Amino acid sequence: MSNIYLDRLDYFVERILIPQYTRGERRAANPEYKRVASAIQRARKCGDRGKVRELRKRQRLLPSLDPQDQGYRRLHYVRYADDHLLGFTGPKAEAEKIKARLARFLREDLKLELSQEKTLITHASTEAAKFLGYEITVQHSNQKITKGRRAVNGSVRLRVPRPVIKAKCALYQQRGKPAPRTPLVNSSDLDIVATYGSEYRGIVQYYLLASDVYRLNRLSGVMRTSLLKTLACKHKSTGRKMAAKYKAKVETPHGLSLTLSVILVAVGLAGGSP
């Protein structure tokens with residue numbers, strides 16, 4: 001239903017707003033960066049290696065293109081159901097105008113109100129925009145050098161929000177510590193392990209696009225302890241004994257990984273059905 005009703009919003013943004021707020025093929029060169037580059041060339045001709053190193057350090061602190069180029073604008077748009085995100089390259093004053101035009105279109109044409117609490121203007125370099133459970137930022141680092149060039153400046157980065165990790169961990173905790181899940185105690189060992197495995201895979205696979213997916217290691221530890229406590233509760237044992245019983249090494253593309261595994265053994269009886 002969202003796709004049907006908001007098709008007019010897509011048309012408005014893609015056919016009217018984006019053409020109006022898109023101009024220039026690329027940013028103009030930064031004059032200061034060009035001056036330093038020329039100084040580097042002169043120092044090289046003079047054989048002054050110390051001066052070259054000093055100028056190169058200074059050059060890496062400068063943007064190669066003019067961030068204030070008035071002849072360059074870009075507006076990008078993506079929507080999923082009733083959540084939408086616009087990425088704008090330009091001044092905040094123009095971003096405010098875009099937001100106001102969106103609000104007016106939704107109110108007058110679609111009879112919808114733009115949520116002022118959820119519709120925020122964030123600076124991608126210093127803040128994070130939230131969209132579909134991810135945090136979205138733009139990376140800037142003058143120290144990340146690949147093949148003599150700054151490798152990450154201006155590239156979009158997806159992050160796993162810390163509140164998401166905390167909320168997911170809370171599902172397997174009581175009073176801040178991993179706890180057994182008593183509703184699973186009457187299930188088989190295979191079903192208990194499979195349940196935890198499928199839940200963890202679902203979360204990790206959703207956030208695989210994030211550059212800091214490693215943050216989910218904390219969730220992995222909490223879920224593993226909760227799993228062992230659930231098995232221990234079922235068998236009236238301890239988590240350590242359950243870990244010793246079900247630990248296994250699994251071959252992965254990155255080498256052997258220590259995990260918990262339940263293996264079923266099928267036994268056939270002579271003269272009877274398998």
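**Exercise 1.** State how many helices and strands the protein has, and compare its radius of gyration with that of a compact globule.

*Solution.* The model is a predicted one.
- Step 1: The secondary structure comprises 9 helices and 11 strands.
- Step 2: For 274 residues, a compact globule would have a radius of gyration near 19 Å, whereas the protein has 28 Å.
- Step 3: Along the principal axes, the C-alpha atoms fill a box of roughly 85 × 65 × 45 Å.
- Step 4: Of the 274 residues, 28% are buried.
- Step 5: Among contacts with a separation of 6 or more, 60% join residues 24 or more positions apart.

**Exercise 2.** Classify the ring pair Phe12 and Phe105 and the ring pair Tyr134 and Tyr207.

*Solution.* A pair of aromatic rings is described by the distance of the centres and the angle of the planes.
- Step 1: The whole structure contains 6 aromatic pairs.
- Step 2: In the pair Phe12 and Phe105, the ring centres are 4.3 Å apart and the planes are at 5°. Planes under 30 degrees apart count as stacked, so this pair is stacked.
- Step 3: Phe12 belongs to helix H2 (residues 7-20) and Phe105 to helix H5 (residues 92-109), so the pair ties together parts 93 residues apart in sequence. Both Phe12 and Phe105 are buried.
- Step 4: For Tyr134 and Tyr207, the centres lie 5.0 Å apart with the planes at 55°, so the pair is tilted.
- Step 5: Tyr134 is in strand S4 and Tyr207 in the loop between H7 and helix H8 (217-235); the pair therefore ties together parts 73 residues apart in sequence. Tyr134 and Tyr207 are both buried.
- Step 6: Tyr134 and Tyr207 form one aromatic cluster together with Tyr206.

**Exercise 3.** Describe the nonpolar surface patch that includes Tyr206, and examine the phi angles of Leu132 and Ala81.

*Solution.* 
- Step 1: The patch consists of Tyr80, Leu132 and Tyr206, with about 320 Å² of accessible area together.
- Step 2: Tyr206 is located in helix H7 (residues 189-206). Its relative accessibility is 42%, so Tyr206 counts as partly exposed.
- Step 3: Leu132 sits in the loop between strand S3 (129-131) and strand S4 (134-138). Leu132 is partly exposed because its relative accessible area is 32%.
- Step 4: Most residues other than glycine have a negative phi. Leu132, although not a glycine, has a positive phi of about 55°.
- Step 5: Ala81, also not a glycine, has a positive phi of about 55°. Ala81 occurs in the loop between strand S1 (74-80) and strand S2 (83-89), and counts as partly exposed at 29% relative accessibility.

Notes:
Residues numbered from 1 in each chain as written. Predicted model: local features only at pLDDT ≥ 70, side-chain atom pairs only at ≥ 80, totals over all residues. Heavy atoms only, no water. Patch = residues over 30% accessible without salt bridge, like charges linked within 9 Å, V, L, I, M, F, W, Y side chains within 5 Å. Areas by Shrake-Rupley, 256 points an atom, 1.4 Å probe, with all protein chains shown as cover. Salt bridge = Lys/Arg side-chain N within 4 Å of Asp/Glu carboxyl O. Helix = DSSP H or I, 4+ residues; strand = E, 2+ residues; numbered from the N terminus. Buried < 20%, exposed > 50% of the residue type's maximum accessible area, 1.4 Å probe, protein only. Rg over C-alpha atoms; globule rule 2.2 N^0.38 Å. Contact = heavy atoms within 4.5 Å. Phe/Tyr/Trp six-rings, centres within 6.5 Å; stacked < 30°, edge-to-face > 60°.
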